[in-house]
Amino acid sequence: MATRYEELKQAISDYGEAAMENLVRCKGFGKAVVSGFPAWLGCPPEQVTTVPPGGQFDPRRDYGEAAFSYHNQPVIRLEPIIFGICVAVQNVEDSGALWLRTAIRVEVTGDTFDVFVANQPVVHIALDYEGKLDPVYEAIHKELMQVFKTQLAEFNDSRYERGIGFFVAPEEATAK
């Protein structure tokens, strides 16, 4: 008969195994999403990179493990893994590019990955995801497109033409 202490040790061992399995599965899933997205999108592979999900980033840098939320964590936890995906879109007018980034959160729930792409509805993907990532790619594309649609809608909304604002009266401008 196991002591209560031995039960605790077994629970910790089980947790550690589950946390490591979750990390390995989610990391593999994230790398598969990033490596398959360029072909789905129809762009060269170098236009899509893995980047940190938040904060400053350089899309030309290879972040490797640093693009994933578990990087620099002193302890592996049984928690969702978050990473960023960046798409560099060449400008039509010049030789520059716009870098679009969105965060993706992945967690294993039973026999599926629950995938959250920023503000999009959750996408459920089987743990055997090979050849089944189109719904994730569609969610990423929709999220990136939504950024521009929202900004354009606000810009073109006639309610903003006569919105509240402040201006400097000519006598105030010359009084400086």
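Me: How many salt bridges does the count come to?
Reply: The count comes to six salt bridges in this predicted model.

Me: OK, which side chain meets Glu65 in a salt bridge at 3.3 Å?
Reply: That's Lys27, with 3.3 Å from N to O. Glu65 sits in the loop between β1 (48-51) and β2 (81-90) and Lys27 in helix α1 (residues 4-41), so the pair ties together parts that are 38 residues apart in sequence.

Me: How exposed is Glu65?
Reply: Glu65 has 29% relative accessibility, so it counts as partly exposed. Lys27 is partly exposed at 25%, and Lys31 is partly exposed at 39%.

Me: Switching topic: in which sense do β4 and β5 pair?
Reply: Antiparallel, over four bridges, with β4 covering residues 112-117. Asp114 stands opposite His124 in β5.

Me: What's between the two strands in that hairpin?
Reply: Five residues, and Ala118 in the hairpin takes a positive phi near 45°.

Me: Which residues of β5 are on the covered face?
Reply: Val123 and Ile125 make up the covered face, while His124 and Ala126 are on the uncovered one. In a regular strand, side chains alternate between the two faces of the sheet.

How values were computed:
Residues numbered from 1 in each chain as written. Predicted model: local features only at pLDDT ≥ 70, side-chain atom pairs only at ≥ 80, totals over all residues. Heavy atoms only, no water. Buried < 20%, exposed > 50% of the residue type's maximum accessible area, 1.4 Å probe, protein only. Pairing = 2+ DSSP bridges. Salt bridge = Lys/Arg side-chain N within 4 Å of Asp/Glu carboxyl O.
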